[in-house]
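Let's take a friendly walk through the core and the ring contacts of this structure. Have the sequence and the coordinates at hand as you read.

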Number of protein chains: 2
Amino acid sequence: MRILVADCTVDYDGRLNAHLPMATRLVMVKADGCVAIHADGGAYKPLNWMNAPNHLVEEDGRWIVTNPKGETLTITFGEVHFETAMDMGEDPGLQKDGVELELQRLLAETPEVMEPGLVLIRREFPTPVGPVDLLCRDADGGSVAVEVKRRGEIDGVEQLTRYLEFLNRDERLAPVRGLFVAQMVKPQARTLAEDRNIGWVEVDYDELRGVDSPMLKLF
Amino acid sequence: MRILVADCTVDYDGRLNAHLPMATRLVMVKADGCVAIHADGGAYKPLNWMNAPNHLVEEDGRWIVTNPKGETLTITFGEVHFETAMDMGEDPGLQKDGVELELQRLLAETPEVMEPGLVLIRREFPTPVGPVDLLCRDADGGSVAVEVKRRGEIDGVEQLTRYLEFLNRDERLAPVRGLFVAQMVKPQARTLAEDRNIGWVEVDYDELRGVDSPMLKLF
DNA sequence: AGTTCCATGTCGCGG
DNA sequence: CCGCGACGTGGAACT
């Protein structure tokens, strides 16, 4: 990794045009070649950047970075206050835990938290337009397609609508109704779901982990 | 801005749990307090971070960063290879040019470039599922809902379809037809639009700026 | 390579 | 402050 702190102007010419006036900034070049220009504030996102793969040409006081799509990033340097470079080796990478899949797993284990009497038939039930998160049967023996999201927004309702369209053509399942499940369902998504006769439920992730815990299995 | 290159492990506990094993990384603390841990690769996104506002506690070889939501980021340091800090001053900020809003503004001023005889009724016309970019009236007095995108893709057609669904229930407007406008409309979006009897038009941004320029207002 | 969908998305605007 | 949608979204999984 190479790090500079320098006065510079920056111009990006690609999907849009952007210009940064002269100021002191941090310029970071990673081992994979990606370039990022950071101001001293404004979250982790750089003001400007160019991802790998790209080609960097160093001229006299100016860098021109070009990517295969023909986008360019031009850095024109004033005073360079500081510069260093170092080898950091390979990174062992990030271990994550607790995203949407986990929520789906928990709900698959305890479908009744979504609706009393609900029983799981299959997870990731395939349709021509992608797999339905959970396919269930309700207390009356009817089929229910469940779409699980961490945050329930309009896209999710659209997705579920597409699944239902196909599932309802399968005479062994039809009629299939939809159930939209998320930690939070946004108002516009509620409106759209209700308008399409799709049910929606909010579930609490922490509570669900509690219900799922070995403790309660004792009872 | 404060910069360290150090061996460290990192743990994030918040919306999810994430762990980084010991390795050499760049730790950046900006003037607004936000913290980012970068590996030597993998685009501009840091492996782990904590945005401002937050509270940083430095213990012996360990930093604990907490934000108001109760999320924590814990950095445990091994060897520190390098450390520096510097004042970079206020950043004058980014100037952008060419985004969707500008395109919408230009089209609102000259609706006839989308279709001869088209007249603007309102920008950002509200519906229960979000505002329609432009609501217009055509040469025959019919209502036209216009969705403007920089790049015309399938989700834009979906969006317009949802608007039309609701607008057509308003008897003062119905029937309302759709018009999908973008600098470039992708083949799949064209197909879907045509399938739903939604019109699509490609407009040239530079040309539009020309039409809109004071120069031509002289004629 | 193209498409779909998630993300600790982030960011900015309007109510 | 919340709601909502755009983003140079980026990135991963899958076709």
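## Buried rings

Buried means under 20% relative accessible area. This is a predicted model, and W63(B) counts as buried in it because its relative accessibility is 4%. F77(B), at 14% relative accessibility, counts as buried as well.

## An aromatic pair in chain B

Over all chains, the structure holds 5 aromatic pairs. One of them joins W63(B) and F77(B): the ring centres lie 5.1 Å apart and the planes meet at 70°, so the pair is edge-to-face. Distant parts of the chain are linked this way, with W63(B) in strand β6 (residues 62-66) of chain B and F77(B) in strand β7 (residues 72-85) of chain B, 14 residues apart.

## The largest nonpolar core

Now turn to the largest nonpolar core, which has 39 residues. Which residues have the most contacts inside it? They are A145 and L167 of chain A, together with A145 and L167 of chain B. In chain A, the elements that give two or more residues to this core are β10 (132-137), α2 (154-167), β12 (176-185) and α3 (187-195), and in chain B they are β10 (132-137), α2 (154-167), β12 (176-185) and α3 (187-195).

Leaving aside residues up to four places away in sequence, A145(B) touches V132(B), L134(B), L135(B), L160(B), L164(B), L167(B), V176(B), R177(B), G178(B) and L179(B).

## Charges over rings

In chain A, the ring of F166(A) has the charged end of R169(A) sitting over it, 4.7 Å from the ring centre. In chain B, the charged end of R169(B) sits over the ring of F166(B), 4.8 Å from its centre.

Terms used: Residues are numbered from 1 along each chain as its sequence is written. Chains are lettered from A and ligands numbered from 1 in the order in which they are written. This is a predicted model: local features need pLDDT of at least 70, side-chain atom pairs count only at pLDDT 80 or more; totals for chains, interfaces and linings use all residues. Side-chain values use heavy atoms; hydrogens and water are left out. A nonpolar core is a set of buried Ala, Val, Leu, Ile, Met, Phe, Trp, Tyr and Cys residues joined through side-chain atoms within 4.5 Å. Buried means under 20% relative accessible area, exposed over 50%, partly exposed in between (1.4 Å probe, protein chains only). Helices (H or I, at least four residues) and strands (E, at least two) are DSSP runs, numbered from the N terminus. Contact means heavy atoms within 4.5 Å. Rings of Phe, Tyr and Trp (its six-membered ring) pair if their centres lie within 6.5 Å; planes under 30 degrees apart count as stacked, over 60 as edge-to-face and the rest as tilted. A charge sits over a ring if NZ of Lys or CZ of Arg is within 6 Å of the ring centre and within 35 degrees of the ring normal.
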